[in-house]
Amino acid sequence: MSNMLKRISKIKRRSRQPAEGDASSGAGETSEDSSEVSKVDFIPPLEIEKKMPTYFTMGILAKECLIRGFEIGVWHLECTMRSNNLSTYSIGKANPDLNSVSGGVGMREKFGSFSLAQAWQTDGLLGMIGANSEVLGAGVYSVLKGFYGPHGSAAPKVELLAGFERAPLKSEIIIPVLHSPKFMGYLLLQPIEHFLFGGRLEFDVEQRQIDMHALCVGYVDDTTEYMLKLEKFKDLRGSVFQRLGDKWAFALKANLFGENMKAFTVGGQYQVDEKTLLKARISNDCQVGFVCQIKVTDNIEGIYYFGFDGNSPMSGDHKVGISWSFKA
């Protein structure tokens, strides 16, 4: 189990691309799912050593193979600098085209068990105050977030994220505080090695109705990952990731029942060497993509993407993207 957690933790640290409405951004994954307050995903509100996976790491190996790098847009650039307890972050991107440019800068400072963060970005400001501790062997943490839109926009939004972790149980909830319409949370149970069970809920406080509920079951070891997710008791989705030796792997994500049942994405990856990973995928609508991930050093990583419409490979839309991440 320790090898599995190390593998998942490593993937989460290097991946910043939310997928299919899920999130994987360090402490507080729930917040990126649909909350309008959490507009920033390049600044981790807290850096916590997790002993358990989260609801949003279920199926992460398949997402890493089939999604990461394929959604970067035309260009994407991230820079992170750390000095003692102070970290600075910056991001810029053009997604999906050169006319859609956005970005931001931010900083986070740690004071013992507390963290303060502030981000300035193209669509507003975000402030965060976080704290984490250990109580009776359980890890507990909380993050208060406030988002302020551009001048003349809607009122600021504030929400509180709270998390609890003690094997075999983990939970995170988001509580609306000010002008934030949704209560959200998940519960994850890991009763035995390799098996995960989870549930998730979104409740619209203003409309007094449940917008989303889901149940998920998964299996993961060092070479294999299976995931099934049932949403609203009517939509069933699944994913498979399988390693074939040290270099090859394949993955599949598909809607098995319910709305858009024929949707699927299948692909594979090949580890050329320790620094280079090649990936390819094709979806049910014949969208074809290729990705090359290059790890220059532990702190410098690049991604190159090329995609086209398989229905019309010569005259159809062609997509090219590049992403670089620098850390110091």
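pLDDT is the predictor's confidence in each residue, on a scale from 0 to 100.

**View 1. Overview of the predicted chain.** The protein chain averages a pLDDT of 86, and 85% of its residues score at least 70. This is a predicted model, in which local features need pLDDT of at least 70, side-chain atom pairs count only at pLDDT 80 or more, and totals for chains, interfaces and linings use all residues. Residues are numbered from 1 along each chain as its sequence is written, and side-chain values use heavy atoms, with hydrogens and water left out. The secondary structure comprises three helices and 19 strands; helices (H or I, at least four residues) and strands (E, at least two) are DSSP runs, numbered from the N terminus. Of the 328 residues, 45% count as buried. Buried means under 20% relative accessible area, exposed over 50%, and partly exposed in between (1.4 Å probe, protein chains only). Among contacts (heavy atoms within 4.5 Å) between residues at least 6 apart in sequence, 39% join residues at least 24 apart.

**View 2. Confidence along the chain.** Where pLDDT is low, the predicted coordinates should not be read in detail.

**View 3. The largest nonpolar core.** A nonpolar core is a set of buried Ala, Val, Leu, Ile, Met, Phe, Trp, Tyr and Cys residues joined through side-chain atoms within 4.5 Å. The largest has 20 residues; Tyr55, Met58, Leu188, Phe241 and Ala251 touch the most other members. Helix H3 (60-66) and strands E9 (182-189), E11 (209-220) and E14 (248-257) each give two or more residues to this core. H3 gives the most, with five. Beyond four places in sequence, the contacts of Met58 include Leu188, Leu196, Phe197, Cys216 and Met227. A second, separate core of 15 residues includes Ile43, Leu126, Val143 and Phe147.

**View 4. Met52 beside Lys170.** Met52 lies in the loop between H2 and H3. At 4% relative accessibility, Met52 is buried. The C-alpha atoms of Met52 and Lys170 are separated by 7.3 Å, although the two are 118 residues apart along the chain.

**View 5. A nonpolar surface patch.** Patches are made of residues with over 30% relative accessible area and no salt bridge; like charges are joined within 9 Å, nonpolar side chains (Val, Leu, Ile, Met, Phe, Trp, Tyr) within 5 Å. This one covers about 1,000 Å², and its members include Phe164, Leu187, Phe197 and Met261. E9, strand E10 (195-204) and E14 each give two or more residues to the patch. Phe164 sits in strand E7 (residues 157-166). Phe164 is partly exposed, at 32% relative accessible area.

**View 6. A salt-bridge network.** A salt bridge is a side-chain nitrogen of Lys or Arg within 4 Å of a carboxyl oxygen of Asp or Glu. The structure holds nine. Lys182, Arg200, Glu202 and Asp211 are linked in a network of salt bridges. Lys182 meets Asp211 at 3.5 Å, N to O. This pair links distant parts of the chain, with Lys182 in E9 and Asp211 in E11, 29 residues apart. Arg200 pairs with Glu202, their closest N and O atoms being 2.7 Å apart. Arg200 is buried, at 10% relative accessible area, and Glu202 is buried at 4%.

**View 7. The Asp298 and Lys295 pair.** The side chains of Asp298 and Lys295 form a salt bridge of 3.8 Å, N to O. Asp298 is exposed, at 69% relative accessibility. Lys295 is partly exposed, at 29%.

Key: Accessible areas come from the Shrake-Rupley method with a 1.4 Å probe; for residues, only the protein chains shown count as cover.
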